[in-house]
Amino acid sequence: MPFKIALAGIGKIARDQHVPALAASADWELAATVSRHGTVEGVEAFDDFDTMLQARPDITVVSLCMPPVPRFDYAKAAIRAGRHVMLEKPPGATLSECHALEALARKAGVSIYASWHSREAAMVAPAKAWLAGKRLKSLVVTWKEDVRKWHPGQTWIWQAGGLGVFDPGINALSIVTEILADPIHVSASELLVPENCETPIAANIRFNHPHGAEVSAELDFRKEGDQFWNIAIETDQGSLVLSEGGATLSINGVVQSAATHDNALQGEYPRLYARMARLVRAGAIDMDLAPMAHVADAFLLGKRITVEAFVE
Ligand code: NAP
């Protein structure tokens, strides 16, 4: 029997990825949506979360796809109502609220999953396997995309808690924290904030690595033309480049996979939902907050530099 699930926050990512991934899976039945404006054809629609929780006790799992700031109240209500919860990335607006959700879920005996879709890109696991046992010399993240192309009209990104360029940048950090054997931490950070925005449009970060490897990240939302979602790594036994957000892997300059970009990324959400089904069956919790801790530290240490206003 599939699990009945409700999707809340029917926006870009719910439509592009969650709805198709659920429709293609035998584990899940999309039984309701909760959104003030969005609906999914053929699925019962609510515009109020508490009403859905009360009306549909048969729905045991909720997946929260709204932006991070409003997510906490939805997650708390769901856990209190005894539902299992899957969180889009980033799992919340602050680390403390994510810890609070995990504690609530443990007390209620429900599963909670802080999902990181980029970790499920096709070549992340092979990259991790290749790196195992090698000595890291350097790692450079280059995450440069055109915000006007990928986030049109998403004003929440520019408001406090919306993360600005860290909204995509946290995806890179989710991969880095997955593939590196040793923990790193932020040692310096520059945040370029448009004079009319509350969040950065670009950021430069350096990390401390326990064995002295050079680790840095350059994030930029102002990139037109070619787009870059790359992680370049040098080790004592050769080099590796993960590009296109983890869809493509080159080792010593040789591309390892014939998977197309689209195919390699298409698997991300099916794999996230397969993991959620396993967590619910096992009564388990997965709240890895490591990518978010790096973002929080980048904000804590960040030197703010005001740059020209962003006009969409
Ligand atoms: P979006 O299209 O702007 O918003 C998603 C939906 O959330 C909206 O349609 C809205 O639905 C609901 N929402 C917005 N503000 C709300 C509020 N204050 N309270 C309750 N609901 C609210 O954003 P998105 O691109 O789907 O991103 C949502 C999340 O998914 C973000 O955390 C993002 O990082 C993550 N994500 C996005 C992408 C992507 O490519 N866009 C990829 C991976 C992950 P209603 O107005 O109908 O309620």
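Trainee: How many Å separate an oxygen atom of the ligand from an N or O atom in the side chain of Gln154?

Mentor: A polar contact is a pair of N or O atoms within 3.5 Å; within protein, one must be able to donate a hydrogen and the other to accept it, and residues adjacent in sequence count only if both atoms are side-chain atoms. For Gln154 the distance to a ligand oxygen is 2.8 Å. For an N or O atom in the side chain of Trp156 it is 2.9 Å, and a polar backbone atom of Ile10 is 3.3 Å from an oxygen of the ligand. This is a predicted model, where local features need pLDDT of at least 70, side-chain atom pairs count only at pLDDT 80 or more, and totals for chains, interfaces and linings use all residues. Residues are numbered from 1 along each chain as its sequence is written, and side-chain values use heavy atoms, with hydrogens and water left out.

Trainee: How many residues are around the ligand, and which come nearest?

Mentor: A residue is near a molecule if one of its heavy atoms lies within 4 Å of it. Here there are 24 residues around the ligand, and Lys12, Ser35, His37, Gln154 and Asp167 come nearest.

Trainee: Which elements give two or more residues to that shell?

Mentor: Helices (H or I, at least four residues) and strands (E, at least two) are DSSP runs, numbered from the N terminus. The elements in question are helix H1 (12-23) and helix H3 (68-80). H3 gives the most, with four residues.

Trainee: Why does the ligand lie between domain 1 and domain 2?

Mentor: Domain bounds come from an automatic or database domain assignment. The ligand lies between domain 1 (3-114) and domain 2 (121-258 + 296-307) because both give residues to the shell around it.

Trainee: Where is Pro90, and what kind of peptide bond joins it to Lys89?

Mentor: Pro90 is in the loop between strand E5 (84-87) and helix H4 (95-108). The bond joining Lys89 and Pro90 is cis, with omega about -15°.
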